[in-house]
Amino acid sequence: DGELLPYSTSPVVWGEPGTNGQHAYFQMLHQGTDVIPVEFILVKKPTHALADLHTKLLANGLAQAQALMLGKTTAQALSEKAPTASTALAAQRSFPGNRPSTTLVLEALTPRSLGALIALYEHRVFASGALWGINSFDQWGVELGKALCSDLLPRLGSGDTNGLDASTAGLMKRLLA
């Protein structure tokens with residue numbers, strides 16, 4: 001109905017294969033000020049010949065879910081061996097745990113299992129919108145972007161930046177330089 005809701009309704013969908021996503025993003029999940037639910041998608045049977053690597057990636061997925069759940073106390077950090085353990089760093093190396101995660105296990109990554117996964121997420125978006133009283137599939141911002149694209153597309157060919165805001169004109173000039 002055009003009114004702002006008094007609560008958050010937009011989860012962030014982001015991901016990386018395997019250990020690529022661990023560092024800054026996972027640090028935020030483990031120790032950030034916001035508790036952010038995370039989902040792990042593990043594939044039981046690889047469709048490639050790198051069985052050892054696949055096993056390591058599965059172990060990593062399980063380990064990150066376990067770490068989010070359990071956390072680490074300052075006492076545990078103090079009991080660890082050098083070079084990372086120190087009294088000065090123990091508080092920094094602790095984190096609360098009790099961070100929500102869900103692990104989905106696919107038997108294999110097939111067109112059928114990928115389609116089922118997409119259907120699951122699409123249904124979740126629909127159900128969440130119904131509970132929040134919003135149309136999760138209205139895309140007025142996307143529609144605006146498409147309309148603006150119709151104006152910008154020929155400008156990329158001509159280089160014409162007349163009438164554009166300074167930010168878009170500057171970006172266009174950078175792209176065409």
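Biologist: At what angle do helix 1 and helix 2 pack, and how far apart are their axes?

Modeller: Note at the outset that this is a predicted model. As for the general idea, a pair of packed helices is described by the angle between their axes and by the distance between those axes. Here helix 1 and helix 2 pack at an angle of about 30 degrees, and their axes are 9 Å apart. Angles under 35 degrees count as roughly parallel, so helix 1 is roughly parallel to helix 2.

Biologist: Which residues of helix 1 and helix 2 meet?

Modeller: From helix 1 come Phe26, Leu29 and His30; from helix 2 come Gln64, Ala67 and Leu68. Sorted by class, this contact between helix 1 and helix 2 has four nonpolar residues, two polar ones and no charged ones.

Biologist: Next, the second largest pocket. How much space lies in it?

Modeller: The second largest pocket holds about 200 Å³ of space. Twelve residues line the second largest pocket, and the closest to its centre are Phe26, Gln27, His30, Gln31 and Phe95.

Biologist: Which elements give two or more residues to the lining of that second largest pocket?

Modeller: Those elements are helix 1, residues 23-31, and helix 2, residues 51-70. Helix 1 supplies the largest share of the lining, five residues. By class, the lining of the second largest pocket has seven polar, three nonpolar and two charged residues.

Biologist: Where is Ser94, and is Ser94 buried or exposed?

Modeller: Ser94 sits in the loop between helix 4 and strand 2. The cut-off for buried is under 20% relative accessible area. Ser94 has 16%, so Ser94 is buried. Leaving out residues up to four places away in sequence, Ser94 touches Gln31, Lys72, Thr73 and Thr74.

Biologist: What is the phi of Asn98?

Modeller: The general idea is that most residues other than glycine have a negative phi. In this model, phi of Asn98 is near 55 degrees, a positive value in a residue other than glycine. Asn98 lies in the loop between helix 4 (87-90) and strand 2 (101-108). With a relative accessible area of 69%, Asn98 is exposed.

Biologist: Which residues does Thr161 touch, not counting residues up to four places away in sequence?

Modeller: Thr161 touches Arg155, Ala169, Met172 and Lys173 on that count. Thr161 is in the loop between helix 6 (140-158) and helix 7 (166-176). Its relative accessible area is 16%, so Thr161 is buried.

Biologist: How far apart are the C-alpha atoms of Gln66 and Gly97?

Modeller: They are separated by 8.8 Å, while the two residues are 31 apart along the chain. Gln66 lies in helix 2 and counts as partly exposed, at 46% relative accessibility.

Biologist: What separates the C-alpha atoms of Tyr7 and Ala24?

Modeller: Tyr7 and Ala24 are 17 residues apart along the chain, and their C-alpha atoms are separated by 26 Å. Tyr7 belongs to the segment before helix 1. Tyr7 is partly exposed, with a relative accessible area of 40%.

Conventions: Residues numbered from 1 in each chain as written. Predicted model: local features only at pLDDT ≥ 70, side-chain atom pairs only at ≥ 80, totals over all residues. Heavy atoms only, no water. 1 Å grid on protein atoms, 1.4 Å probe; cavity = no way out; pocket = protein on both sides within 12 Å on 5 of 7 lines; lining within 4 Å. Points joined across faces, edges and corners; volume = space filled by probe spheres on them. Helix = DSSP H or I, 4+ residues; strand = E, 2+ residues; numbered from the N terminus. Nonpolar A, V, L, I, M, F, W, Y, C, P; charged D, E, K, R; others polar. Axes fitted to C-alpha atoms, helices over the stretch in contact; angles between N-to-C directions. Parallel < 35°, antiparallel > 145°, perpendicular 65-115°, else oblique. Contact = heavy atoms within 4.5 Å. Buried < 20%, exposed > 50% of the residue type's maximum accessible area, 1.4 Å probe, protein only.
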